[in-house]
Amino acid sequence: MSIITGYDMTTLREKVDVDAVTERLEELGQLRSLTALNEKVVLLRLTGRLDEAMTVANEAVRQARFSGDRELTLGARIRRAQVMQYQGKLAAALQELSLCVEEAQNHEWGTLEAVSTLSRGKVHFELEDYPAALVDFKVAVFLMEKLGASLDQLESSLVAVAVTESYLGS
């Protein structure tokens, strides 16, 4: 059963199966591993439980930093910035995601670069900066294709490109 069932064509946000999310959150229960925390952040964000999502996101960033793994820390920071976006803290999310894109580029972490670029594009989109959003979305598609992503993995980026182009009349 897939948790993400599609994408809203006006906000670019994920449509979710709330029952599947609830079931998965129950399965994760009180698990405190970094993997479990990261998954909880995403699930809580997708269901609009943003205060809880931010609390767990901050815990995930702390735990990742303690591990000493900069790549894991960057992933946790991206997820926290996505929560900021959903909270409407667009300037903070944009700033954090720009730093994440730069760090991923510097370390040649292709997957994290693609994810942070796509996420930054979504913030630009919410800010109605459609030209900047379109650039980020196209870069994300390019990076994902370069990494050998499947069509399912590209779906969010391709939808974002098409919707943004329609806003720009391209």
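**The interior and its surroundings**

Author: This is a predicted model. Its largest nonpolar core has 37 residues, of which Ile3, Val21, Leu43, Leu74, Ile78, Leu112 and Val123 touch the most other members.

Reader: Which elements give two or more residues to this core?

Author: They are helix 1 (18-28), helix 2 (34-46), helix 3 (50-67), helix 4 (70-86), helix 5 (90-107) and helix 6 (110-126). Helix 3 supplies the largest share, eight residues.

Reader: And what is Leu74 in contact with, leaving aside its neighbours within four places in sequence?

Author: Leu74 is in contact with Cys100, Glu103, Ala104, Trp109 and Leu112. Another core, of 18 residues, lies apart from the largest one; Ala114, Leu134, Met144 and Leu154 are among its residues.

Reader: Let us turn to Thr117. Is Thr117 buried or exposed?

Author: Thr117 is buried, because its relative accessibility is 1% and the cut-off for buried is under 20%. Thr117 belongs to helix 6. Not counting residues up to four places away in sequence, Thr117 touches Val101, Asp136, Val139, Ala140 and Leu143.

Reader: Now helix 1, please. Which residues are buried there?

Author: Ala20, Val21, Leu25 and Leu28 are buried in helix 1. They span an arc of only 135° around the axis, so they lie on the same side of helix 1.

Reader: Why would residues a few places apart point the same way?

Author: An α-helix has 3.6 residues a turn, so residues three or four places apart point the same way.

Reader: What do the buried residues of helix 1 pack against, and which exposed residues are on the face turned away?

Author: The buried residues pack against strand 2 (14-16) and helix 2. The face turned away from the buried side carries the exposed residues Asp19 and Glu26.

Reader: What caps the N-terminal end of helix 1?

Author: Asp17 does, with a side-chain oxygen 3.1 Å from the backbone nitrogen of Asp19. Just after helix 1, Gly29 takes a positive phi of about 50°.

Reader: Which residues have a positive phi although they are not glycines?

Author: Leu12 has a positive phi of about 70°, and Glu108 has one of about 60°. Leu12 sits in the loop between strand 1 (4-7) and strand 2, whereas Glu108 is in the loop between helix 5 and helix 6.

Reader: Are those two buried or exposed?

Author: Leu12 is buried, with a relative accessible area of 3%. Glu108 is exposed, with a relative accessible area of 71%.

Methods: Residues numbered from 1 in each chain as written. Predicted model: local features only at pLDDT ≥ 70, side-chain atom pairs only at ≥ 80, totals over all residues. Heavy atoms only, no water. Core = buried A, V, L, I, M, F, W, Y, C linked by side-chain atoms within 4.5 Å. Buried < 20%, exposed > 50% of the residue type's maximum accessible area, 1.4 Å probe, protein only. Helix = DSSP H or I, 4+ residues; strand = E, 2+ residues; numbered from the N terminus. Contact = heavy atoms within 4.5 Å. Arc of directions from axis to C-beta. Polar contact = N/O pair within 3.5 Å; in protein donor to acceptor, adjacent residues only side chain to side chain.
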